[in-house]
2 protein chains.
Amino acid sequence: MTVMLSACALAAAVRSGDLTPAEVAARCAAAINAREKEIRAFTALNLEAMQAGAQRAGLAATPLAGLPVGVKDVYDTVDFPTTYGSRIYAHHRPAADAAVVRMIARAGGLVPGKTTTTEFAFTAPATTRNPHRTGHTPGGSSSGSAAAVAAGMLPLAIGSQTAGSVIRPASFCGVTGFKPSFKLIPMLGSRTFSWSLDTLGLFAAGVEDVAFGASAITGRPLTVDPTARLPRLAVIRTPRASSASPDADAALTTAARAAEKGRATVREITLPPEVESADDAHAIVQGYEAALALADEWDRHRGQLSPQLVAYLEQATTVTPEAYDAARRVTRLARNAFADLVEGFDAVLTYSAPGEAPEGLASTGSSIFNRLWTLLGAPCVNVAGLTGASGLPIGVQIVGRFGRDRAALTAAAFVEKAIRAA
Amino acid sequence: MTVMLSACALAAAVRSGDLTPAEVAARCAAAINAREKEIRAFTALNLEAMQAGAQRAGLAATPLAGLPVGVKDVYDTVDFPTTYGSRIYAHHRPAADAAVVRMIARAGGLVPGKTTTTEFAFTAPATTRNPHRTGHTPGGSSSGSAAAVAAGMLPLAIGSQTAGSVIRPASFCGVTGFKPSFKLIPMLGSRTFSWSLDTLGLFAAGVEDVAFGASAITGRPLTVDPTARLPRLAVIRTPRASSASPDADAALTTAARAAEKGRATVREITLPPEVESADDAHAIVQGYEAALALADEWDRHRGQLSPQLVAYLEQATTVTPEAYDAARRVTRLARNAFADLVEGFDAVLTYSAPGEAPEGLASTGSSIFNRLWTLLGAPCVNVAGLTGASGLPIGVQIVGRFGRDRAALTAAAFVEKAIRAA
């Protein structure tokens, strides 16, 4: 299997002088040239510009040390076409970079190109293939970012999650996905699907790599805390556990046992009704907001939307302001109840996805184990390292408390290490 | 003085058949042709398209009954250039309409053009003049929307408020300004200055007019409640009362006495320290977010920013994530404390602005009596009807509880009527 590029290892090598940013860029360019034709992770690429940028003096001393960072094609870029995965925007060239694109540039990252997204980050798939088995979906909507990291083409990539669009593709592709607390990283200059849910996320090889990337881009102390005590983990299977395949269930059990073996405190708990019932609120909040977020395309370009998006928006436009307000109240209560529930734990350990990446490219899989946590705004990490019966990756998910992103990443790093040691 | 156009009266006349939408459009076009050269409220106009649109069958039966609605030039429009008040975007033409522009169209409103904004809705003024005395500022940042309504050119216009950009120009121009609860109306497709503060607001002649417009555009029940009991009003002068001119203080006293005479319960209260201290948090939240919201322009087009914006952003980029997070915590505590404080009242009655519109067009005035309420996300209404010593308008402000927009509008309508009766 492909060797993934560790962002931490590459940055350390650049800092120590073992590698130059130009050599890192050349390595990524070579991997992209070798794999992209098969994986189809990018909608736009400019490897020459990346390699030219890597020559800039002082780059090695920047927070990102000149590492290449892929950007999902829902974020506006001046230097690349930005299609949002839609035919309507096939030739769209934004007037300004998204905030995160400027944050990457200011932190010394190099953007080689745009990674694929499903149509408007909803369900109509991109052309991207799962690097572990190309007849299988990489998951979505951040398909290209997950696949590019999995295929060893990039050490870091940016995605977004409205239901399960970071954690699911990370699980399917066997990479680390990190969906921070809601609004930790600004979505400005991204294509909105649901303004209460859309959350900027990152992909990297391992937990330390994704934490390094998030720290470097935001200037916040998010790297794994080496002084943290052994974590107290709450295993949650949720009433939706019947949707988990035996593979997913086995992965969760394996991870929980490995954590216990590593001397973590592990206790299985159930969600109280106030939290569980919020799962239904996700669809209402997303529907109401998507109908407004796509109002222009619905009114002017309906014929260029996919049939599944048209069908979705037809339903979505029937959500009333009253139903929306009620769903937001349910959400507020669920956030408080979840905070109370996990008082006394460092993180929740739960499913990332229903199983291995499904065969075929027509569907990107289910977000059933993701949407509740997105609605709660909680930080989520897909921890890779386990596989299902057919040998494809299958992740487990760490969910933290809102605003405690570093604690979530630290717990995820513990579980990752425990899985490797088991 | 100019007679303003009442949205309610015009819509009623259209519904009853006394006026056609085409006649309303013609009346607005005539007023714009007569006054615009002097007032300079618009950055783009297409009166022919508005009048052609007014011929559409069925328009009279729509929620907005074909009324013209001005749109501040921070909202994206496909049909008009969108400059955000910046030279950088002098020739910018967005690919999609802002959500509110589609909401207006779906509700049967006609957009005749874009109204002026200060540069990126910050402080560098537009060319607009106060219709009451053209050597005075109309206020900002929603300068054109306030002035267009005040000059009788439009019955409704859309603005936005990050500190005081709806309530202040409404006070200076003698119109009703309504800043709803945060996120009541989506900001999608607007130029962001601060994503935690930017709030879409409306201007109209009177309180019932603005409530009609908000109801029609959102599909929410926001019209003034005729069955409401006599309001219980909390008068708040705030520790910043020393910034209020004798005119502003007299207006607040007059409004409070008029409300008492109208049999409202009126009681003066003071803000607790948790709420008062949040006033300082506004600058920190706005600064941190503006530095990211304008990252592209700062990095690429700094020479085309105004000196005051450059000076502001130089400061703003020094706000740390830690200071920002602390300011957001202060904000959360203040929101809860404010909700507790006004338990037992229907609304707060306070200053809208420090006084009459200042002379000169170089400054749009101070937001000292607005920014705290914006930070709290509370619904605010400028109630017009009073004047200062020099005869210029001076408003008073109704502040409601978060999410209780109809109650705030209803209290504002009561105060407006009481002022007229006094």
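Predicted model: local features only at pLDDT ≥ 70, side-chain atom pairs only at ≥ 80, totals over all residues.
**View 1. Helix 7 of chain B packs against helix 15 of chain B.** Let us start with a pair of helices. Helix 7 of chain B covers residues 207-218, and its axis lies 9 Å from that of helix 15 of chain B, at an angle of about 160°. The two helices are therefore roughly antiparallel to each other. On the helix 7 side of chain B, look for Val207(B), Glu208(B), Val210(B) and Ala211(B). Helix 15 of chain B brings Leu409(B), Ala412(B), Ala413(B) and Glu416(B) to the contact. Sorted by class, the residues of this contact are six nonpolar, no polar and two charged.

**View 2. Helix 15 of chain B also packs with helix 8 of chain B.** Three alanines of helix 8 of chain B take part: Ala255(B), Ala258(B) and Ala259(B). From helix 15 of chain B come Phe414(B), Val415(B), Ala418(B) and Ile419(B). What classes of residue make up the contact of helix 8 with helix 15 in chain B? There are seven nonpolar residues, no polar ones and no charged ones.

**View 3. Chain B and chain A are related by a rotation of 180°.** Turning chain B in this way, with 0.0 Å of shift along the axis, superposes it on chain A with an RMSD of 0.0 Å. The two copies are thus related as by a two-fold rotation axis. Which residue of chain B comes closest to the rotation axis? Look for Pro94(B), whose C-alpha is 4.4 Å from the axis.

View 4. Arg106(B), Lys183(B) and Arg220(B) supply 20% of the area that chain B buries against chain A, more than any other three residues.

**View 5. Eight salt bridges are counted between chain B and chain A.** Over all chains, the count comes to 38. One bridge between the chains pairs Arg300(A) with Asp97(B), at 2.4 Å from N to O. Arg300(A) lies in helix 11 (residues 295-300) of chain A, while Asp97(B) sits in the loop between strand 2 (69-72) and helix 4 (99-106) of chain B, so this pair joins two chains. Another links Asp325(B) to Arg220(A), with the closest N and O atoms 2.6 Å apart.

**View 6. A loop of chain B holds a cis peptide bond and a positive phi.** The cis bond joins Gly140(B) and Ser141(B), with omega of about 5°. Ser141(B) belongs to the loop between strand 3 (113-115) and helix 5 (143-150) of chain B. Phe120(B) is found in the loop between strand 3 and helix 5 of chain B. Although Phe120(B) is not a glycine, its phi is positive, at about 50°. In chain A, a cis peptide bond joins Gly140(A) and Ser141(A), again with omega of about 5°.

Technical notes. Residues numbered from 1 in each chain as written. Chains lettered and ligands numbered in written order. Heavy atoms only, no water. Axes fitted to C-alpha atoms, helices over the stretch in contact; angles between N-to-C directions. Helix = DSSP H or I, 4+ residues; strand = E, 2+ residues; numbered from the N terminus. Contact = heavy atoms within 4.5 Å. Nonpolar A, V, L, I, M, F, W, Y, C, P; charged D, E, K, R; others polar. Least-squares fit on C-alpha atoms with pLDDT ≥ 70 in both. Buried area = accessible area lost by both parts, 1.4 Å probe. Salt bridge = Lys/Arg side-chain N within 4 Å of Asp/Glu carboxyl O. Parallel < 35°, antiparallel > 145°, perpendicular 65-115°, else oblique.
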